[in-house]
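User: I would like to go through the aromatic rings of this model. Please set each value against its definition.

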Amino acid sequence: MTITLDGTTGITTPTTSTTGEFVTSVTGFKNRIINGAMVIDQRNAGASVTITTAAEFGVDRWRCQAGANSKVSLQQNAGSVTPPVGFSFYQGATSLSAYSVPSNESFSIAQYIEGFNTADLQWGTANASTVTLSFWVRSSLTGTFSGALANSAVNRSYPFSYTISVANTWEYKTITIAGDTSGTWIGATNGVGIRIWINLGAGTTLSTTANAWAAGDYRATTGSVSVVGTNGATFYITGVQLEKGSTATSFDYRDIGTELFLCQRYYQRNFNPTYAGIGTASSAVVIPRFSVVMRAAPTVSALATANIDLFGVGSANASSTTFDSQSTTGFRAYYGGMSGSTFGQPGHLTNDAIQASAEL
């Protein structure tokens with residue numbers, strides 16, 4: 001049941017929508033996708049990023065799986081087109097060459113869903129639930145496109161197809177998938193529960209027929225459109241929802257604070273300037289705490305040179321930064337090579353870009 005405000009009693013129960021319009025839902029975690037409306041972009045703040053084989057991220061939670069370097073770029077609201085009604089943001093992919101994808105390579109926009117958020121689907125058992133994937137999509141190309149769902153081990157896959165009929169026009173798509181009763185699917189743990197790939201180009205080894213569970217690693221359907229095969233081709237997507245049931249319902253829009261917190265379980269950055277440092281002999285120690293508990297102990301790295309404001313002395317730039325004691329709640333940072341600090345000199349961070357990633 002979807003509940004929306006009616007302005008009089010405060011709550012009403014509307015009819016179910018299958019058109020993908022933007023309706024606030026307070027029924028819980030209906031949509032298993034995080035940042036499906038592409039609102040949060042902590043890493044890039046709207047800037048374009050050229051994707052390498054390191055599986056880099058565009059907007060939060062959405063990675064680009066790339067078989068080769070510099071064949072595609074991602075950007076929030078790439079091309080500055082008008083999003084579909086009810087949405088303000090989308091993830092845009094742009095092909096940077098006319099690339100013929102080898103048999104064992106693939107390119108995709110992907111999200112991996114944590115096992116805690118998929119365990120109730122009971123995939124891998126006789127009680128496996130049906131799910132429906134829905135989204136808005138726009139491309140400069142037309143034809144049969146594809147994607148796939150897969151398990152953590154990538155030995156069970158469900159390739160699906162959909163058609164884009166008109167170039168450079170937003171179209172709403174729904175795909176209903178019967179839950180997998182076979183294979184091994186991770187339950188209520190912090191590992192990968194379900195992998196979702198939206199195909200941008202895949203080789204023959206990673207492609208097969210549509211709309212059936214298969215024992216193997218398949219990320220596309222045979223003969224589907226390859227976005228990276230056309231130089232300058234564009235592919236935009238938003239309003240992505242994966243929900244239990246055989247019918248697509250209205251998009252589960254969460255408030256911006258909730259959506260950010262959900263994203264920060266997997267990635268956070270910039271922990272200044274509220275954490276005190278203690279100056280020693282040309283060094284300082286800072287112990288930041290995360291905004292939310294992260295999925296796992298993250299990988300922490302510096303994005304810029306730290307600047308420490310030493311009380312009563314002035315600021316000093318650190319020449320080195322190291323991290324340790326990473327946990328799901330925080331970490332410790334050491335800043336060295338500062339001039340002007342003395343043992344016991346207190347201070348605080350004034351310019352320190354740090355990132356912590358616990359992505360699946």
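Analyst: The structure holds 15 aromatic pairs. Rings of Phe, Tyr and Trp (its six-membered ring) pair if their centres lie within 6.5 Å; planes under 30 degrees apart count as stacked, over 60 as edge-to-face and the rest as tilted. This is a predicted model: local features need pLDDT of at least 70, side-chain atom pairs count only at pLDDT 80 or more, and totals for chains, interfaces and linings use all residues. Residues are numbered from 1 along each chain as its sequence is written, and side-chain values use heavy atoms, with hydrogens and water left out.

User: Why is the pair of Y99 and F107 called edge-to-face?

Analyst: The ring centres of Y99 and F107 are 5.6 Å apart and the planes meet at 80°, so the pair is edge-to-face. Both residues are buried (under 20% relative accessible area; exposed is over 50%, partly exposed in between, with a 1.4 Å probe and protein chains only).

User: What makes F135 and Y162 an edge-to-face pair?

Analyst: Their centres lie 5.1 Å apart with planes at 80°, so this pair is edge-to-face. The pair links distant parts of the chain, 27 residues apart: F135 in strand 7 and Y162 in strand 9 (residues 157-164).

User: Why does F135 count as buried?

Analyst: F135 has 0% relative accessibility, so it counts as buried. Y162 is buried too, at 5%.

User: Which residues do ring pairs link into a cluster?

Analyst: F135, F145, F160, Y162 and F235.

Methods
Helix = DSSP H or I, 4+ residues; strand = E, 2+ residues; numbered from the N terminus.
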